[in-house]
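Trainee: I am new to this structure and would like a close look at one part of it. Could you walk me through the aromatic rings and what surrounds them?

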Amino acid sequence: MRLLQLHAEFMEYEHVEEELNDAEKNILKSKIRLESLIVVFVSVEKGDNKITIEKAIEEIKSYSENLKVNRLLIYPYSHLSSYLESPKNAFEIIKELETKSRKILTEVNRAPFGWTKSFNIKVKGHPLAENFKVISNIQFPFIKGKD
(Lines give C-alpha, C1' and ligand atoms only; values in the text may rest on other atoms or scores of the structure.)
Protein backbone atom coordinates (compact mmCIF):
# COMPACT_ATOMS: atom_id res chain seq x y z
CA MET A 1 0.00 0.00 0.00
CA ARG A 2 1.18 3.47 -0.74
CA LEU A 3 0.01 6.54 1.15
CA LEU A 4 0.57 10.15 0.19
CA GLN A 5 -0.55 12.17 3.21
CA LEU A 6 -1.04 15.91 2.78
CA HIS A 7 -1.96 18.52 5.37
CA ALA A 8 -4.36 20.67 3.40
CA GLU A 9 -6.09 23.97 3.94
CA PHE A 10 -8.81 22.60 1.69
CA MET A 11 -9.60 19.87 -0.81
CA GLU A 12 -12.47 19.96 -3.22
CA TYR A 13 -13.35 17.29 -5.73
CA GLU A 14 -16.08 16.54 -8.19
CA HIS A 15 -17.15 13.23 -9.72
CA VAL A 16 -16.71 13.23 -13.49
CA GLU A 17 -17.54 9.71 -14.66
CA GLU A 18 -17.37 6.05 -13.72
CA GLU A 19 -13.95 4.69 -14.57
CA LEU A 20 -14.40 1.01 -13.66
CA ASN A 21 -17.15 -1.57 -13.95
CA ASP A 22 -16.66 -2.07 -10.20
CA ALA A 23 -17.14 1.65 -9.45
CA GLU A 24 -19.34 2.57 -6.52
CA LYS A 25 -22.95 3.13 -7.50
CA ASN A 26 -25.49 5.75 -6.40
CA ILE A 27 -22.92 8.52 -6.04
CA LEU A 28 -24.22 12.06 -5.73
CA LYS A 29 -22.53 14.03 -8.49
CA SER A 30 -21.88 17.26 -6.66
CA LYS A 31 -18.76 19.18 -5.74
CA ILE A 32 -17.42 18.25 -2.30
CA ARG A 33 -15.26 20.70 -0.33
CA LEU A 34 -13.53 19.94 2.96
CA GLU A 35 -11.36 22.34 4.94
CA SER A 36 -8.49 21.96 7.40
CA LEU A 37 -7.82 18.28 6.92
CA ILE A 38 -5.44 15.48 6.09
CA VAL A 39 -5.86 14.08 2.59
CA VAL A 40 -4.56 10.54 2.18
CA PHE A 41 -4.15 9.41 -1.41
CA VAL A 42 -4.19 5.60 -1.25
CA SER A 43 -2.99 2.97 -3.73
CA VAL A 44 -3.78 -0.61 -2.77
CA GLU A 45 -1.17 -3.05 -4.05
CA LYS A 46 -1.15 -6.79 -4.71
CA GLY A 47 -0.83 -8.68 -1.44
CA ASP A 48 -2.17 -5.93 0.81
CA ASN A 49 -4.29 -7.35 3.61
CA LYS A 50 -5.41 -6.80 7.23
CA ILE A 51 -1.80 -6.45 8.41
CA THR A 52 -1.18 -3.77 5.79
CA ILE A 53 -4.35 -1.98 6.88
CA GLU A 54 -3.22 -1.99 10.53
CA LYS A 55 0.17 -0.55 9.55
CA ALA A 56 -1.56 2.12 7.46
CA ILE A 57 -3.82 3.03 10.38
CA GLU A 58 -0.76 3.46 12.60
CA GLU A 59 0.82 5.78 10.00
CA ILE A 60 -2.36 7.84 9.65
CA LYS A 61 -2.77 8.01 13.43
CA SER A 62 0.82 9.12 13.94
CA TYR A 63 0.58 11.75 11.20
CA SER A 64 -2.72 13.15 12.53
CA GLU A 65 -1.39 13.27 16.10
CA ASN A 66 1.76 15.13 14.97
CA LEU A 67 -0.37 17.68 13.13
CA LYS A 68 -3.17 17.73 15.71
CA VAL A 69 -5.74 17.29 12.92
CA ASN A 70 -8.78 15.03 13.25
CA ARG A 71 -10.44 15.47 9.84
CA LEU A 72 -9.44 12.94 7.16
CA LEU A 73 -10.24 12.35 3.51
CA ILE A 74 -9.34 8.94 2.11
CA TYR A 75 -8.89 9.38 -1.62
CA PRO A 76 -8.46 6.20 -3.71
CA TYR A 77 -5.58 6.99 -6.05
CA SER A 78 -4.19 4.17 -8.16
CA HIS A 79 -1.51 6.44 -9.68
CA LEU A 80 0.98 5.84 -6.86
CA SER A 81 1.76 2.26 -7.89
CA SER A 82 2.17 -0.05 -10.87
CA TYR A 83 1.37 -3.18 -8.80
CA LEU A 84 -2.30 -2.66 -8.12
CA GLU A 85 -4.63 -5.08 -6.41
CA SER A 86 -7.79 -6.05 -8.30
CA PRO A 87 -10.47 -3.35 -8.10
CA LYS A 88 -12.80 -5.56 -6.06
CA ASN A 89 -10.16 -6.36 -3.42
CA ALA A 90 -8.79 -2.81 -3.43
CA PHE A 91 -12.26 -1.41 -2.72
CA GLU A 92 -12.74 -3.82 0.20
CA ILE A 93 -9.38 -2.80 1.68
CA ILE A 94 -10.17 0.91 1.30
CA LYS A 95 -13.55 0.43 3.00
CA GLU A 96 -11.80 -1.38 5.87
CA LEU A 97 -9.25 1.45 6.10
CA GLU A 98 -12.17 3.88 6.34
CA THR A 99 -13.90 1.85 9.07
CA LYS A 100 -10.74 1.60 11.17
CA SER A 101 -9.94 5.29 10.66
CA ARG A 102 -13.30 6.18 12.19
CA LYS A 103 -12.09 4.62 15.45
CA ILE A 104 -9.12 7.00 15.73
CA LEU A 105 -10.32 10.26 14.15
CA THR A 106 -13.28 12.55 14.72
CA GLU A 107 -14.28 12.99 11.07
CA VAL A 108 -13.50 10.57 8.23
CA ASN A 109 -14.58 11.07 4.63
CA ARG A 110 -13.89 8.94 1.58
CA ALA A 111 -13.95 9.87 -2.10
CA PRO A 112 -15.78 7.29 -4.22
CA PHE A 113 -13.91 4.32 -5.59
CA GLY A 114 -13.68 3.72 -9.32
CA TRP A 115 -14.57 7.22 -10.48
CA THR A 116 -12.66 9.79 -12.47
CA LYS A 117 -12.67 12.95 -10.38
CA SER A 118 -11.36 16.45 -10.80
CA PHE A 119 -9.86 18.07 -7.73
CA ASN A 120 -8.32 21.20 -6.26
CA ILE A 121 -6.14 21.08 -3.20
CA LYS A 122 -4.21 23.67 -1.25
CA VAL A 123 -1.48 22.06 0.82
CA LYS A 124 -0.17 23.95 3.83
CA GLY A 125 3.41 25.15 3.72
CA HIS A 126 5.30 23.57 6.59
CA PRO A 127 7.88 20.75 6.86
CA LEU A 128 5.34 18.06 7.81
CA ALA A 129 2.69 19.04 5.26
CA GLU A 130 3.72 16.29 2.81
CA ASN A 131 4.38 12.69 3.79
CA PHE A 132 4.79 9.58 1.61
CA LYS A 133 4.80 6.03 2.99
CA VAL A 134 5.18 2.61 1.41
CA ILE A 135 3.59 -0.05 3.58
CA SER A 136 4.40 -3.67 2.86
CA ASN A 137 4.13 -7.08 4.47
CA ILE A 138 7.41 -8.12 2.88
CA GLN A 139 10.29 -8.34 5.32
CA PHE A 140 13.50 -7.17 3.72
CA PRO A 141 16.71 -8.62 5.16
CA PHE A 142 18.97 -6.09 6.76
CA ILE A 143 21.99 -5.57 4.57
CA LYS A 144 25.15 -5.11 6.57
CA GLY A 145 28.02 -3.03 5.28
CA LYS A 146 31.58 -4.30 5.21
CA ASP A 147 33.26 -4.32 8.59
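Mentor: Happy to! Two rings of Phe, Tyr or Trp count as a pair if their centres lie within 6.5 Å. By that rule, this predicted model holds seven aromatic pairs. One of them joins tyrosine 75 and tyrosine 77, whose ring centres are 6.2 Å apart. Their planes make an angle of 55 degrees, and the pair is tilted. Ring pairs also link these two tyrosines with Tyr13, Phe41 and Phe119 into a cluster.

Tyrosine 75 has a relative accessible area of 3%, and because buried means under 20%, tyrosine 75 counts as buried. Tyrosine 77 has 23% relative accessibility, so it falls between the 20% and 50% limits and counts as partly exposed.

Let's follow Tyr77 to begin with. The largest pocket has about 380 Å³ of space, and 22 residues line it. Tyr77 is among those closest to the pocket's centre, together with Glu19, Pro76, Ser78 and His79. Elements that give two or more residues to this lining are β2, β3, α2 and β5. Of these, β5 (115-123) provides the largest share, with four residues. Sorted by class, the lining has 14 nonpolar, five polar and three charged residues.

In soluble globular proteins, nonpolar side chains tend to be buried together. Here, the largest nonpolar core has 24 residues, and those touching the most other members are Leu3, Val42, Leu72 and Leu97. At least two residues of this core come from each of β2 (32-43), α1 (50-67), β3 (71-76) and α2 (87-101). The top contributor is α1, which gives six residues. To see one member up close, pick leucine 97: leaving out residues up to four places away in sequence, its contacts are Val42, Ile53, Ala56, Ile57, Ile60 and Ile74. Apart from this core lies another one, of eleven residues, and that is where Tyr75 belongs, with Leu6, Ala8 and Leu34 also among the members.

One last stop is the loop between β3 and α2, where you will find glutamate 85. Its relative accessible area is 18%, and since buried means under 20%, glutamate 85 is buried. Beyond its neighbours within four places in sequence, glutamate 85 is in contact with Val44, Glu45, Lys46, Gly47, Asp48 and Ala90.

Methods
Residues are numbered from 1 along each chain as its sequence is written. This is a predicted model: local features need pLDDT of at least 70, side-chain atom pairs count only at pLDDT 80 or more; totals for chains, interfaces and linings use all residues. Side-chain values use heavy atoms; hydrogens and water are left out. A nonpolar core is a set of buried Ala, Val, Leu, Ile, Met, Phe, Trp, Tyr and Cys residues joined through side-chain atoms within 4.5 Å. Buried means under 20% relative accessible area, exposed over 50%, partly exposed in between (1.4 Å probe, protein chains only). Contact means heavy atoms within 4.5 Å. On a 1 Å grid over the protein atoms alone, a cavity is a set of points where a 1.4 Å probe fits but cannot get out, and a pocket is an open set with protein on both sides within 12 Å along at least five of seven lines; lining residues have an atom within 4 Å of a point. Grid points are joined across faces, edges and corners, and a volume is the space filled by probe spheres set on the points. Ala, Val, Leu, Ile, Met, Phe, Trp, Tyr, Cys and Pro count as nonpolar, Asp, Glu, Lys and Arg as charged, and the others, Gly among them, as polar. Rings of Phe, Tyr and Trp (its six-membered ring) pair if their centres lie within 6.5 Å; planes under 30 degrees apart count as stacked, over 60 as edge-to-face and the rest as tilted.
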